[in-house]
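Subject: Structure for your review

Dear colleague,

Please find the structure below, followed by a description of what was found in it.

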Protein chains: 2
Amino acid sequence: MSVLLHPQLKTDTFFVKNLALCRVLLMNNALYPWVILVPMREHLKEITDLTADDYALLCKEIHSMCTHMQDMWAPDKMNIGALGNMVSQLHIHLIARFEKDAAWPKPVWGQASQPYTKDQAQEVIQRLA
Amino acid sequence: MSVLLHPQLKTDTFFVKNLALCRVLLMNNALYPWVILVPMREHLKEITDLTADDYALLCKEIHSMCTHMQDMWAPDKMNIGALGNMVSQLHIHLIARFEKDAAWPKPVWGQASQPYTKDQAQEVIQRLA
């Protein structure tokens, strides 16, 4: 794929795998299971920039990843969001939240962060993939 | 419809209209154009609680409302999110963001709030509906 990933997304995450539309990334923050989906098409900023087919695909991939994360972590709540105020390339956050996590009940953006150890990251990436 | 709206959603918003699946609400915060979509089905907490047909409908209504808000306000960025850490009833936020708004580039949750005047609210609701 020739579509480029925003440098900030590259810096903050680990590569997990590629789906039909999206690249799956794991946020390098051990405080929350936090996945980012990036539709690999050029010049996307808003969901309304996608073609109808790609939007349907995005919705499907969000749903599948949400189910997968619920199966893996049994969170109290899934948080799903497309913000992009800082990184304009369209990307969707999926975060498994727990009533005992570091930021609950606040949203995780702008809250504490703690990088994974190499082993931790490896394990989560393998289970996610 | 017999599905009940969570009291907090009722308190914080104005009713705009009903779509095929969702009730459209306007957040009573004049600092940001902020719409909430509530799928009117019982016992929904996560998007994965929806039937396949209802999920497709939700995706369609999110897309339409997003387009509508872009047409109305020409925002710098749309923020879309399903969080629900405080209010468990499934609801989707659509917020038109501007680089000059009160919270930019932060997410709006937990930031400053300013109620609409009656006239302001009336006008926005009419344009949205």
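**Strand 4 of chain B**

All six of the six residues of strand 4 (residues 77-82) of chain B are buried, so this strand is largely enclosed by the rest of the structure. Buried means under 20% relative accessible area, exposed over 50%, and partly exposed in between (1.4 Å probe, protein chains only). Helices (H or I, at least four residues) and strands (E, at least two) are DSSP runs, numbered from the N terminus.

This is a predicted model, in which local features need pLDDT of at least 70 and side-chain atom pairs count only at pLDDT 80 or more, while totals for chains, interfaces and linings use all residues. Residues are numbered from 1 along each chain as its sequence is written, chains are lettered from A and ligands numbered from 1 in the order in which they are written, and side-chain values use heavy atoms, leaving out hydrogens and water.

From strand 4 of chain B, B:K77, B:N79 and B:G81 point one way and B:M78, B:I80 and B:A82 the other way. Strand 4 of chain B runs antiparallel to strand 5 (residues 92-97) of chain B, with five bridges between them; B:M78 has B:A96 as its bridge partner there. Two strands pair if DSSP finds at least two bridges between them. Strand 4 (residues 77-82) of chain A is also joined to strand 4 of chain B, antiparallel and by three bridges, and A:I80 stands opposite B:A82.

**The cavity**

The structure holds one cavity of 30 Å³ or more. On a 1 Å grid over the protein atoms alone, a cavity is a set of points where a 1.4 Å probe fits but cannot get out, and lining residues have an atom within 4 Å of a point. Grid points are joined across faces, edges and corners, and a volume is the space filled by probe spheres set on the points. The largest cavity has a volume of about 250 Å³. It is lined by 18 residues, of which A:Y55, A:I62, A:I80, B:I62 and B:I80 are the closest to its centre. Helix 2 and strand 4 of chain A, as well as helix 2 (52-73) and strand 4 of chain B, each supply at least two lining residues.

**Helix 3 of chain A**

In helix 3 (residues 118-128) of chain A, the residues A:A121, A:V124, A:I125 and A:L128 are buried. The face turned away from the buried side of helix 3 of chain A carries the exposed residues A:D119 and A:Q126.

Yours sincerely

How values were computed: 1 Å grid on protein atoms, 1.4 Å probe; cavity = no way out; pocket = protein on both sides within 12 Å on 5 of 7 lines; lining within 4 Å.
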